Amino acid sequence: MNRRPLIWFAICWVFGSAAAAGLSSRGALLAAGSAALLALAAVLCRQASWQLAAACMAAVGLAAGERIWADARNVTELPALLAAAWADGPRAAYAAEAVGTIVSPVEVDGDRAIFRVEAHSVHVQGEAAARVVRERLLVHVRLDAQPQQLIAAAWQRGDKVRLAGELTRPAGASNSGGFDYRRYLSSQRIHWLLKVQGTGAALAAPGPRWTAAALLGRVDTARAWLGARMDELYPSTQSGYMKGLVLGIREDLDPEQFQQFSRLGLTHILAISGLHVAVFIYALGGLLRAARISRERILLILTVSVPLYVLLAGASPSVIRAGLMAVLALLAARIGKLKDGLHLLAAAAVLMLIFDPFLLENVSFQLSFIVTIGLIVGVKPVRHAMPQWRRGKYLLDLAAVTLVAQLVSFPLTIYYFNQFHALSMIANFVLVPFISFIVMPLGAAALLLGVPWEAGGKLLAYGSQYANDWTFALVERLSGVDSLRTIWATPPLWWVAAWLLLLGTLFHVVSVWTGRLADSRAAAAAVLEETAPIGAVSATITPPPNNRGVKAALYSLLFLAFILLLYAYKPDAFNNHAAVSFIDVGQGDAIHIRTASGKQILIDGGGTLSFRKKGEEWRERSDPFEVGQKLLVPLLMKRGVREIDILVISHLDSDHIRGLLAVLDTIPVRSIWWNGTVKEAEDAQKLLSKALALQIPMYGVKAGLEHQIDHETAINVLWPPASTDSEVQKLEEQNESSLVMTVRLYHSTFLFSGDINSVTERTIIRNDQKRSNRAAEQNAISVMKAAHHGSRFSTSEEWLNYWKPIGSVVSVGGTNSYGHPHPDVLSRLAYAGTAIWRTDIDGEVRFTITDKGLYAYNKH
């Protein structure tokens, strides 16, 4: 420990900051006490000096204190408004006017402009005077007309603005495990959204020229100018990719292309990181050496140039980490005290967390540091364990780097992205060096040459276009092999820590093993050199060293790794509880059912409705919110849904099916149940065509069908009625043909009623009475989904009296324009004595069913 004090100091700093962030005050104190005891034990066991132990204890205390201090200061300066928002509900909005400075680039996408403002004055309507505050706001400007795009694009960081709009709180996570937008913005010290209607409600003017925001605004202008040059050099299908690769501008990346890279674990290529910084230093250093500049001046120029490159590349956590390490290494080299990579990494981590302790929760920060640590620690022993061929040495080196990077990034990949592709190793092995050492330098050179000489830049870009075409074709081909893509539930944090600790131990054991082999070979060579006569050839075979203990440790670690993998892939292997989740997808339906035996059923998939008119194509955003891709699929993957046994499409209206296209694209579906009709609407046609293209068995189910899924699960279809016509009917009005069914899980029964109205409800009751001989009390169900999102004309008194639901769930959007749920429906439900849950208020409503009973949970 005494040999690497800075590394242990950094580890303790991270521990202290993490303890303060994830634990209560009491928990943080307990963690600090535990760290102190460990430090004392290390001193008593003579593993560390008193000075190092004191430094580590100080690191824990200082880091925890800084984080607690940062959390205490990370509050809104509008406490009265916050109290009103808590009382009025999560969607409360307050008319307000804010005056401040733009402190981020202005992103214009379709009919929306987004930027951040450091407000120094906020006047809420109804208050006597404006408040003098220092409040960071996230501003959404909804553009009314296409010319307003140019007006908003002219705004830049550093401008003074006066904005009139509505203050609202960011939305929290309404689904268990879903993205928490409020927490994400809070980590960036933002507690309010300001929604502005049109550029007419925003007045912008240039601010002071030499503020930090104004200087960064000039960097933004330079990045935008360079991005525009890249648009001129490359076709539209490639310019967004090249801007991300060379400049770190990711706003123009094709979303579908990004998804393909993501499936193969290649998105790190599009994030400026250590490799980009290394290529930049190598290229600039080569040019400076060619100009015969002295070593000291080269180091000085590089030290000044790296921060400028970091700014031009977007200053993400990964590039800041790489830039800091590079600057520290250059400074150390200049004074002749260059240390190893771990010391540089430790210093960069501590400096970044001192500057902003909230970076610890940043995914890019975590991946950047953890993967870099893994590469520094693991590549050498792994490479030594490989064959020591002279031919193909480069390929073996590359294989070692790729393997270690995959192993180290794996736990974070499945924790945050819940998928891993078996071809990721091959894709990274082939494409990372190809893109990093051929495509990216060509793109950068084309950009630099294209500034003074556009024709020369286009000539260089022309060569890289073929390389891009080949890259895109390979990525599309590999990412399309769905049989090798696996979905993983989000593992617990202890599992991530255990995997990384096991990997570190494994690297150490491999290092010991390869070290002993190397020592044995060296000793054998020395003996042969001393004893063999000149010109003689010895046939003596030196016995291998005794590595039984090392081998036993190695096999034990590999077995533990297998157990960890098995647990992560099948975390609910011994869980025989059933679950029904009414997912909050806004104004729509999406219900996920897990049976006692682990079968997966999805009923509908929600959908974002569009009311766009002809001629408003300019409003389209490059990556619009789509409930299936952005909400439903990530949520199902987080819960480890690797395949859907039955996808139930209640009917073909948009608010029930638009999210299902993303489901079919991402998660294998074994069968589809639907009402047996078709509809001419574009989204319905796309969904049915996609299902047919994937060769998913489709069943038009009718009333009377009873299906036993497992011993504890049975489905009974109540509607639509059976028909003698074998042809698929075209039906534009789908509500009254919704698929209605009950699902029995253990001793609890759930009723799912689509969007039917009271007339259809009465018909279902009559048909069910004819078909069954149950007594009235036997009709009682546990939970009912209120039909048609709580429409006034559904969930009649007769329907409630017949089924006698203990509880009911209304799946409804909080800002819907239909008045759902109608007060009459809520009155009928209350009169019937049924418990009521609403997704717009309660968020996701989840039920766990066991052989002992039914348990309800909701997010809020």
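**Sheet, helix and salt bridges**

Analyst: This is a predicted model. It has an open sheet of 7 strands with mixed pairing, in the order β17-β18-β20-β21-β22-β23-β24.

User: Which are the edge strands?

Analyst: β17 (706–710) and β24 (835–838) are the edge strands, and each pairs on one side only.

User: And what does the twist average from one strand to the next?

Analyst: The twist averages 20° from one strand to the next.

User: How do β20 and β21 run, and how many bridges join them?

Analyst: Strand β20 (residues 740–745) and strand β21 (residues 748–752) run antiparallel, joined by 5 bridges. For R744, the bridge partner is T749 in β21.

User: What does α24 lie across?

Analyst: α24 lies across β18 (713–719) and β20, and runs at about 120° to β18. Helix α26 (residues 823–831) also packs on the sheet, where it touches β22 (783–785), β23 (807–810) and β24. The direction of α26 makes about 145° with that of β24.

User: Switching to α23. What should its 12 residues span, and how far apart are its end C-alpha atoms?

Analyst: Helix α23 (residues 682–693) should span 16 Å at 1.5 Å a residue, and its end C-alpha atoms are 16 Å apart, so the two agree.

User: Which residues of α23 are buried?

Analyst: D683, A684, L687, L688 and A691 are the buried residues of α23. They cover an arc of only 130° around the axis, so they sit on the same side of α23.

User: Why would residues a few places apart point the same way?

Analyst: An α-helix has 3.6 residues a turn, so residues three or four places apart point the same way.

User: What covers the buried residues, and what is on the face turned away?

Analyst: The cover includes β13 (646–649), α21 (654–657), α22 (660–666), β14 (672–674), β15 (677–678) and β16 (698–700). On the face turned away from the buried side, α23 carries the exposed residues E682, L692 and A693. Just after α23, Q695 takes a positive phi of about 60°.

User: Now salt bridges. How many are there?

Analyst: The count comes to 35 salt bridges. One of them is between the side chains of R157 and D220, at 2.7 Å from N to O.

User: Where do R157 and D220 lie?

Analyst: R157 is in the loop between α5 (147–153) and β5 (160–168), while D220 is in helix α7 (residues 212–233), so the pair ties together parts that are 63 residues apart in sequence.

User: Are those two residues buried or exposed?

Analyst: R157 and D220 are both buried.

User: Back to α24. Which residue does E798 meet in a salt bridge?

Analyst: The side chain of E798 meets that of R762 in a salt bridge, 3.1 Å from N to O. E798 is in helix α25 (residues 797–803) and R762 in helix α24 (residues 758–771), 36 residues apart. R766 also forms a salt bridge with E798, with 2.9 Å between the closest N and O atoms. R766 lies in helix α24 and E798 in helix α25, so this pair ties together parts that are 32 residues apart in sequence.

User: What is the relative accessibility of these residues?

Analyst: E798 is at 26% relative accessibility and counts as partly exposed. R762, at 38%, is partly exposed, and R766, at 37%, is partly exposed.

Methods:
Residues numbered from 1 in each chain as written. Predicted model: local features only at pLDDT ≥ 70, side-chain atom pairs only at ≥ 80, totals over all residues. Heavy atoms only, no water. Salt bridge = Lys/Arg side-chain N within 4 Å of Asp/Glu carboxyl O. Helix = DSSP H or I, 4+ residues; strand = E, 2+ residues; numbered from the N terminus. Buried < 20%, exposed > 50% of the residue type's maximum accessible area, 1.4 Å probe, protein only. Pairing = 2+ DSSP bridges. Axes fitted to C-alpha atoms, helices over the stretch in contact; angles between N-to-C directions. Contact = heavy atoms within 4.5 Å. Expected span 1.5 Å × (residues − 1). Arc of directions from axis to C-beta.
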